[in-house]
Amino acid sequence: MRELNRIVRLKTVLARTGLSRSTIYRKIAEGTFPAQIKISINGAGWHEVEIDRWIEDPVGWRPASPRRPDSASG
């Protein structure tokens, strides 16, 4: 099954997580909640897959590591 990487807005994040707006922004600053991404001059949202990952394991959630080329070769 193909995953869609939808962008969700704050209202959806609030409803899905049960967190308050201030808690979400505090957790972003602490690095314990997915950071938002800019989607327009005045708008921001979150990758839905990251919100889903956080919901699955709020305590153990960590930002996904950027993929780097395999340094073990050569």
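This is a predicted model: local features need pLDDT of at least 70, side-chain atom pairs count only at pLDDT 80 or more; totals for chains, interfaces and linings use all residues.
User: What makes up the chain, and in what order do its elements run from the N terminus on?

Analyst: The chain has 3 helices and 3 strands. From the N terminus on, the elements run β-α-α-β-β-α.

User: Why does Glu-48 count as buried?

Analyst: Buried means under 20% relative accessible area. Glu-48 has 16% relative accessibility, so Glu-48 counts as buried. Glu-48 belongs to helix 3, residues 48-56. Leaving aside neighbours within four places in sequence, Glu-48 is in contact with Asn-5, Arg-6, Val-8 and Arg-16. In the chain of 74 residues, buried residues make up 24%.

User: Why is Glu-30 called partly exposed?

Analyst: Partly exposed covers the range between buried, under 20%, and exposed, over 50%. Glu-30 is at 45% relative accessibility and therefore counts as partly exposed. Glu-30 is placed in helix 2, residues 21-30.

User: What makes the pair Glu-30 and Thr-32 a polar contact?

Analyst: The cut-off for a pair of N or O atoms is within 3.5 Å. The side chains of Glu-30 and Thr-32 are joined by a polar contact of 3.5 Å.

User: Why are helix 1 and helix 2 called roughly perpendicular?

Analyst: Angles of 65 to 115 degrees count as roughly perpendicular. The axes of helix 1 (residues 10-17) and helix 2 cross at roughly 95° and come within 10 Å. Helix 1 and helix 2 are therefore roughly perpendicular to each other. Leu-10, Val-13, Leu-14 and Thr-17 of helix 1 make the contact with Arg-21, Ile-24 and Tyr-25 of helix 2. By class, the residues of this contact are 5 nonpolar, 1 polar and 1 charged.

User: How do you know that strand 1 and strand 3 pair?

Analyst: Pairing requires at least two bridges between two strands. Strand 1 and strand 3 (residues 44-47) are joined by 2 bridges and run antiparallel. Val-8 has Trp-46 in strand 3 as its bridge partner.

User: Which strands stand at the edges of the sheet, and why?

Analyst: The sheet is open, with 3 strands in the order 1-3-2 and antiparallel pairing. Strand 1 (7-8) and strand 2 (37-38) each have a single partner strand, so one side of each lacks a neighbour in the sheet, and both stand at the edges.

User: What does helix 3 touch in the sheet?

Analyst: Helix 3 packs on the sheet and touches strand 1 and strand 3. The direction of helix 3 makes about 60° with that of strand 3.

Methods: Residues are numbered from 1 along each chain as its sequence is written. Side-chain values use heavy atoms; hydrogens and water are left out. Helices (H or I, at least four residues) and strands (E, at least two) are DSSP runs, numbered from the N terminus. Buried means under 20% relative accessible area, exposed over 50%, partly exposed in between (1.4 Å probe, protein chains only). Contact means heavy atoms within 4.5 Å. A polar contact is a pair of N or O atoms within 3.5 Å; within protein, one must be able to donate a hydrogen and the other to accept it, and residues adjacent in sequence count only if both atoms are side-chain atoms. Axes are lines fitted to C-alpha atoms, for helices over the stretch in contact, and angles run from 0 to 180 degrees between N-to-C directions. Angles under 35 degrees count as roughly parallel, over 145 as roughly antiparallel, 65 to 115 as roughly perpendicular and the rest as oblique. Ala, Val, Leu, Ile, Met, Phe, Trp, Tyr, Cys and Pro count as nonpolar, Asp, Glu, Lys and Arg as charged, and the others, Gly among them, as polar.
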